[in-house]
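Student: I would like to learn how to read the features of a protein model. Can we go through one together?

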Amino acid sequence: MRRFSNHVRVLPAALLVVGAACLSRDVPTTVSAPQPTATTSSTPRSPARVVDASTFPTKWPIKHVVFLIKENRTFDNMYGRFPGVNGVTYGWDQGTRRPLERATVGPMKSDIPHCYLCALAAYDGGSMDGFDQHDPGSGYAYTQFRRGEIPNYWALAERYVLFDRFFSSETGPSFPNHLYSIAAQSGGAHDNPRRTGAARGSNTFGCDAPPNQLVQITLPDGATKMVPPCFEFPTEGDLLTRAGIPWASYGATEDQRGYIWSAYSAIRRYRESLHRWTAHMRPVDGLVADIRANRLPPVTWVTPRFELSDHPPYSMCYGENWTTRVVDAIMRSSMWNSTAIFLTWDDYGGFYDHVRPPRVDGFGLGFRVPLIVISPYAKRGFVDHTLGEFSSVVRFVEDNWGVGRLTRRDRRARDLHEAFDFDAGPRRPDPLPVRTDCRGPMWGQLPGG
C-alpha cells in the first residue's frame, strides 16, 4: 500500500466500557463572558510548537486533520433545502404535517429541549414526530434555514462535500457525543452530567466537576448508576501518542463558556495530569494565530466558545463568521494543500429531522447532523450518501496514520475516504468573506445564557 511521506519512518500501533438523565439546556447560567482577546485560564498552557507534519507517513496525502465540532443543528434544519439531498421542507408533529418555518439567524429567545429523554420523545418509537416538547423553546424546533440565511455554510457545501447520511453517535446531547468524537464511545453515558449547585457556573462536564455533579451510565448488563463524569477508557489521543503522532485539542478555557465541550476534561489521565493537559489542550482563542504560525499538529480537535458555537440561543450569524475565519485561515496557510477539515455539529439540539437514525447498539445512532468535508482533495460539489457518524472521523484518522482501533464503533465505521479524489492534484483554496449583516449581541447576556 502506498504511504505518503517525505521521510521514512515506521509507525507503531494500538487497543471499552459501555445512559439517562434529563437536562433541557446546555447553556451555562452564571459564567462571565470575556471578550475574545481574553484567554485567561486557571491551568497554564504550554506554547504550541511548529510541527512538520510531512515527516509522518500517511495512507493518503493528508498530513493534517482538523475535526471542527459545532453545536446543536440537524441536517434538515440547515440543509433540508439543499439540491440533491435527502431533505424535506415540512415535518410531522404528532401525526400532523407541519411546514418548517424560516429559522432564526440572530439571537433566539431561548434554547430548545434536547436531553436524552427529550430525544427519545422526539424519536417517538421511530415516527420522528415528537419534537414539540411543549416548552417555550420548542417553537424553534420546526424551523429551517434558506440559502441566503447561512450563505457561507451553504457555499462550503456547494464547493466541497456534504454528507446527508451522517448521524450523531449517541441519541443524547453534547456530553456523550463529544466523548464519541475522541474515543468512539461515551463510557456508558446517554446524557449530560446533572448539574447541581453553581461551582464554576456549572461550566464543566469533566473530572474537575464539583462532587455533586454526576452522570448516569448504563453498564454492560443494563443496570444504571450515577458516577462522576471522569473516565479511564482509551482515546484517539492515546493511540496517536503511542504512535508518536502529535495532536492537540482546542477549546474554551476553564472559565469561558464552552469549556463543557472539552471532552478530554472527562478523561482522568489528561485532566488530572498537568503535563498531559498542557501538552495537548490549547485555548481556542489562539487557534487562528496558531494556524497562521504553522503550529497545528497532524491531528486537531476544535470546539468553539459557546457564543460562537451555533448553539441556541446565540446567533447563527456570528457562529458562521467564526467558522469562516477558521477555515479561511487554514486555506491561506501552508497546511492547506495537505489538510482535511471535518466540519460537523454535535447533536440535534431539539431541531426537527425526518430521517430515522439507524440503531447500531444501545446508544445510537443519534439524529442526523450535517458533515462537510473541506479539503483540496475533496470532490467538488458532491453530496455523499455514505452512512457515517463521529466514529467515522476517528476511523479516518486511524486509517490515515495506521494507529489501530478503539471500540466496536470505529472498527465498523466507514472512514469517509470516498469524499476525496486523491488522484487529482490539490486544488487552490477558495476563502469566503465574513458576513457583515450579523445583528444583536455576540458576547452579551442572552435569555437562558
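**Reading the model**

Tutor: Start with a helix contact: Asn177, Tyr180 and Ser181 of α4 meet Phe390, Ser391 and Val394 of α10, where contact means heavy atoms within 4.5 Å. Helices (H or I, at least four residues) and strands (E, at least two) are DSSP runs, numbered from the N terminus. This is a predicted model, in which local features need pLDDT of at least 70 and side-chain atom pairs count only at pLDDT 80 or more, while totals for chains, interfaces and linings use all residues. Residues are numbered from 1 along each chain as its sequence is written, and side-chain values use heavy atoms, with hydrogens and water left out.

Student: How is the packing of α4 and α10 described?

Tutor: Two packed helices are described by the angle between their axes and the distance between the axes. Here the axes of α4 and α10 come within 7 Å and cross at roughly 15°. Axes are lines fitted to C-alpha atoms, for helices over the stretch in contact, and angles run from 0 to 180 degrees between N-to-C directions. The two helices, α4 and α10, are therefore roughly parallel to each other; angles under 35 degrees count as roughly parallel, over 145 as roughly antiparallel, 65 to 115 as roughly perpendicular and the rest as oblique. The crossing of α4 and α10 is right-handed, that is, the near helix is turned clockwise from the far one by less than a right angle.

Student: Is α4 buried or exposed?

Tutor: Buried means under 20% relative accessible area, exposed over 50%, and partly exposed in between (1.4 Å probe, protein chains only). Ten of the ten residues of α4 (residues 174–183) are buried, so this helix is largely enclosed by the rest of the structure. Among them are Phe175, His178, Leu179 and Ile182.

Student: Which elements do the buried residues of α4 pack against?

Tutor: They pack against strands β1, β7 (215–218) and β11, and against helices α5 (236–242), α10 (390–401) and α11 (408–412). Just after α4, Ala184 takes a positive phi of about 55°.

Student: Which other residues have a positive phi although they are not glycines?

Tutor: Gln94 has a phi of about 50°, and Asn294 has one of about 60°. Gln94 is in the loop between β2 (90–93) and β3 (96–99), and at 52% relative accessibility it counts as exposed. Asn294 is in the loop between α8 (287–292) and β11, and at 25% relative accessibility it counts as partly exposed.

Student: Where do the side chains of β11 point?

Tutor: In a regular strand the side chains alternate between the two faces of the sheet. In β11 (residues 299–302), Val299 and Trp301 point one way and Thr300 and Val302 the other way, and all are buried.

Student: Which strands pair with β11?

Tutor: Two strands pair if DSSP finds at least two bridges between them. Strand β1 (residues 64–70) runs parallel to β11 and is joined to it by four bridges, with Phe67 as the bridge partner of Trp301. Strand β9 (residues 247–251) also pairs with β11 in the parallel sense, over four bridges, and there Ala248 stands opposite Thr300.

Student: What is the strand order of the sheet?

Tutor: Eight strands form an open sheet in the order β10-β9-β11-β1-β12-β13-β6-β14, and the pairing is mixed. At the edges stand β10 (281–283) and β14 (382–384), each with a single partner strand, so one side of each is left without a neighbour in the sheet. Neighbouring strands of this sheet are turned by 20° against each other on average, direction ignored. An antiparallel pair is β12 with β13, over four bridges; in that pair, Phe342 stands opposite Val373.

Student: Which strands does α9 lie across?

Tutor: Helix α9 lies across β1, β11, β12 and β13, and runs at about 175° to β1.

Student: How many helices and strands are in the chain?

Tutor: The chain has eleven helices and 14 strands. Of its 449 residues, 64% count as buried.
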